[in-house]
Amino acid sequence: LYQLSLDRLDASYKMAQEIKDVRLMASAKVNIGSALIRLGRPDDAIKAYNEGLAQADTMPADLYKGLLRLNLGNTYVWLGQPDKSLAYSQQALAIFRKIGRGTWEANALMNLGNGYLRQKDFINAWNTLQQALEVAKKNGEYRVYGRALLNLGMTGVELKKKEAIAYLEES
């Protein structure tokens, strides 16, 4: 199913190129990268995200600039490269805060928290995940909210925080 999606996304990207629609090209690359992740091809996904980022960075609007950086940050944390993840995720966070997209802000904060966890920087992870939890709750981003609870619980155990068990139970 993901391969079929990828084939169709590639076709839509080519059509967007033909009509020189940069927004559609960047959007297609977001989705192409996501399909490649699901196919277990993270290196190809990174390439697609970077191609989309090059296009998005020529646009006046910021949404795709943020989404592509968010996806790069998520991919790099998944690959165990937290330094790269943190750099892209910080940029995404700044963009989402600037344009007032709270659900995406929560996702960027989650990426940052996960990056800090990968670095075993539990204090920064704790503080960032607290922010992710708060922003996710405020914006109804319950997927991030649940993951933030779980990660706060695990981080709290590392830091010997008394509230760790409550976070784990709520998750």
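The following dialogue examines how descriptions of this predicted model rest on computed values.

Visitor: How do you know that the radius of gyration of the chain agrees with that of a compact globule?

Guide: For 171 residues, a compact globule would have a radius of gyration near 16 Å, and the chain has 17 Å, so the two agree. Along the principal axes, the C-alpha atoms fill a box of roughly 60 × 30 × 25 Å. Of the 171 residues, 48% count as buried. The chain exposes about 9,100 Å², of which carbon and sulfur atoms supply 52%.

Visitor: Among contacts between residues at least 6 apart in sequence, what share joins residues at least 24 apart?

Guide: The share is 52%.

Visitor: How many charged side chains are there, and how far apart are the centres of the two sets?

Guide: There are 23 positive and 18 negative side chains, and the centres of the two sets lie 1 Å apart.

Visitor: How do you know that the span of helix α2 agrees with expectation?

Guide: Helix α2 covers residues 22-38, and its 17 residues should span 24 Å at 1.5 Å a residue; the end C-alpha atoms are 25 Å apart, so the span agrees. The buried residues of α2 include M25, A26, K29, V30 and G33. The cover over the buried residues of α2 includes α1 (2-18), α3 (42-56) and α4.

Visitor: Why is α4 called mostly covered?

Guide: Of the 16 residues of α4, 13 are buried, and a residue is counted as buried when its relative accessible area is under 20%. Helix α4 runs over residues 63-78 and reaches 23 Å from its first C-alpha to its last, close to the 22 Å expected. Just after α4, G80 takes a positive phi of about 80 degrees.

Visitor: Why is L67 called buried?

Guide: L67 is found in helix α4. Its relative accessibility is 11%, and buried means under 20%, so L67 counts as buried. Not counting residues up to four places away in sequence, L67 touches V30, F96 and W104.

Visitor: What makes L68 buried or exposed?

Guide: L68 also lies in helix α4. At 0% relative accessibility, L68 falls under the 20% limit and therefore counts as buried. Leaving aside neighbours within four places in sequence, L68 is in contact with A26, K29, V30, Y49, G52, L53 and A56. L68 and L53 are 15 residues apart in sequence, and their C-alpha atoms are 5.9 Å apart in space.

Visitor: How do you know whether Y49 is buried or exposed?

Guide: Y49 lies in helix α3. The relative accessible area of Y49 is 3%, which is under 20%, so Y49 is buried. Not counting residues up to four places away, Y49 touches K29, V30, G33, S34, I37, L68, N71, L72 and T75. Y49 and A28 are 21 residues apart in sequence and 9.6 Å apart from C-alpha to C-alpha.

Visitor: Why is α6 called mostly covered?

Guide: In α6, 14 of the 17 residues are buried. Helix α6 covers residues 102-118 and reaches 24 Å from its first C-alpha to its last, close to the 24 Å expected.

Visitor: What makes K160 buried or exposed?

Guide: K160 has 74% relative accessibility, which is over the 50% limit, and therefore counts as exposed. K160 is placed in the loop between α8 (142-159) and α9 (164-170). K160 has a positive phi of about 60 degrees, although it is not a glycine.

Key:
Residues are numbered from 1 along each chain as its sequence is written. This is a predicted model: local features need pLDDT of at least 70, side-chain atom pairs count only at pLDDT 80 or more; totals for chains, interfaces and linings use all residues. Side-chain values use heavy atoms; hydrogens and water are left out. The radius of gyration is taken over C-alpha atoms; the globule rule is 2.2 Å times the number of residues to the power 0.38. Buried means under 20% relative accessible area, exposed over 50%, partly exposed in between (1.4 Å probe, protein chains only). Contact means heavy atoms within 4.5 Å. Accessible areas come from the Shrake-Rupley method with a 1.4 Å probe; for residues, only the protein chains shown count as cover. Lys and Arg count as positive and Asp and Glu as negative; His and the chain ends are not counted. The place of a charge is taken as NZ of Lys, CZ of Arg, CG of Asp or CD of Glu. Helices (H or I, at least four residues) and strands (E, at least two) are DSSP runs, numbered from the N terminus. The expected span of a helix is 1.5 Å times one less than its number of residues.
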